Amino acid sequence: SKLKIIQKLNNENNFNASNILYKEIISKEKLNNLYISSIAVHASYTLINASYVENTNRYIDDISFYINNINDDLESYISYKKELEFLLIVTVIDFNKTAYQDNANVLELYYEIMNSNLVSSSVKERVKKIHEFQLYK
């Protein structure tokens with residue numbers, strides 16, 4: 001299956017090829033929202049990691065595409081979506097070499113995540129650690 005191929009490609013750090021396959025699955029396969037959201041979450045985390053591994057910002061638009069394909073009506077995916085939105089902004093800040101504490105969008109999203117009843121405590125903890133790291137690095 002394509003997912004096994006994607007796993008193999010990711011293990012080989014062939015993120016460009018796996019990105020193409022992720023897009024094919026989300027765009028061409030007739031899947032329900034749960035499967036699309038699950039694949040989109042996996043693709044987002046993978047490409048955020050790939051951005052740092054390859055030291056490139058070329059995946060930023062693709063990550064946005066995947067995050068936008070995480071269905072807002074699936075309550076169990078809200079935590080993932082919020083964390084990924086946060087990580088995407090942090091990634092852009094890192095690659096643009098701008099000041100984290102001066103970015104209103106990331107700070108607003110941070111407080112939204114921390115004050116949300118829909119975001120899991122484990123996601124809040126991870127986001128808090130990243131927030132503190134970014135503030136004091």
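**Close-ups of helix packing, cores and loops**

**View 1. Helix 3 alongside helix 5.** Helix 3 and helix 5 pack at about 20 degrees, with axes 11 Å apart. Here the axes are lines fitted to C-alpha atoms, for helices over the stretch in contact, and angles run from 0 to 180 degrees between N-to-C directions. Helices are DSSP runs (H or I, at least four residues), numbered from the N terminus. This is a predicted model, so local features need pLDDT of at least 70 and side-chain atom pairs count only at pLDDT 80 or more, while totals for chains, interfaces and linings use all residues. Residues are numbered from 1 along each chain as its sequence is written, and side-chain values use heavy atoms, with hydrogens and water left out. Helix 3 and helix 5 are therefore roughly parallel to each other (angles under 35 degrees count as roughly parallel, over 145 as roughly antiparallel, 65 to 115 as roughly perpendicular and the rest as oblique). Helix 3 passes helix 5 in a left-handed crossing, meaning that the near helix is turned anticlockwise from the far one by less than a right angle. On the helix 3 side, the contact (heavy atoms within 4.5 Å) uses Val41, Ser44, Tyr45, Ile48, Ser51 and Tyr52. The helix 5 partners include Leu84, Leu87, Leu88 and Phe95. By class, this contact has ten nonpolar, three polar and two charged residues. Ala, Val, Leu, Ile, Met, Phe, Trp, Tyr, Cys and Pro count as nonpolar, Asp, Glu, Lys and Arg as charged, and the others, Gly among them, as polar.

**View 2. Helix 5 against helix 6.** The axes of helix 5 (residues 78–96) and helix 6 (residues 104–115) come within 10 Å and cross at roughly 155 degrees. That makes the two helices roughly antiparallel, and the crossing of helix 5 and helix 6 is left-handed. Lys82, Glu85, Phe86, Ile89, Val90 and Ile93 of helix 5 meet Asn105, Val106, Leu109, Tyr110, Glu112 and Ile113 of helix 6. Sorted by class, the contact of helix 5 with helix 6 has eight nonpolar, one polar and three charged residues.

**View 3. Inside the largest nonpolar core.** This core has 25 residues, and those with the most contacts inside it are Leu47, Ile63, Tyr66 and Leu84. A nonpolar core is a set of buried Ala, Val, Leu, Ile, Met, Phe, Trp, Tyr and Cys residues joined through side-chain atoms within 4.5 Å. Buried means under 20% relative accessible area, exposed over 50%, and partly exposed in between (1.4 Å probe, protein chains only). Helices 1, 2, 3, 4 and 5 each give two or more residues to this core, and helix 3 gives the most, with eight. Tyr66 touches, among others, Tyr22, Ile26, Ala43 and Leu47, not counting residues up to four places away in sequence. A second, separate core of twelve residues includes Phe86, Val106, Leu109 and Ile113.

**View 4. Two loop residues with positive phi.** Asn13 sits in the loop between helix 1 and helix 2, and its phi is near 60 degrees, a positive value in a residue other than glycine. Asn13 is partly exposed, at 43% relative accessible area. Lys97 lies in the loop between helix 5 and helix 6, with phi near 55 degrees, again positive in a residue other than glycine. Lys97 is exposed, at 74% relative accessible area.

**View 5. Around Asn33.** Asn33 is found in helix 3 and counts as partly exposed, at 43% relative accessibility. Asn33 touches Asn71 and Leu74, not counting residues up to four places away in sequence. The C-alpha atoms of Asn33 and Asp72 are separated by 9.8 Å, with the two residues 39 apart along the chain.
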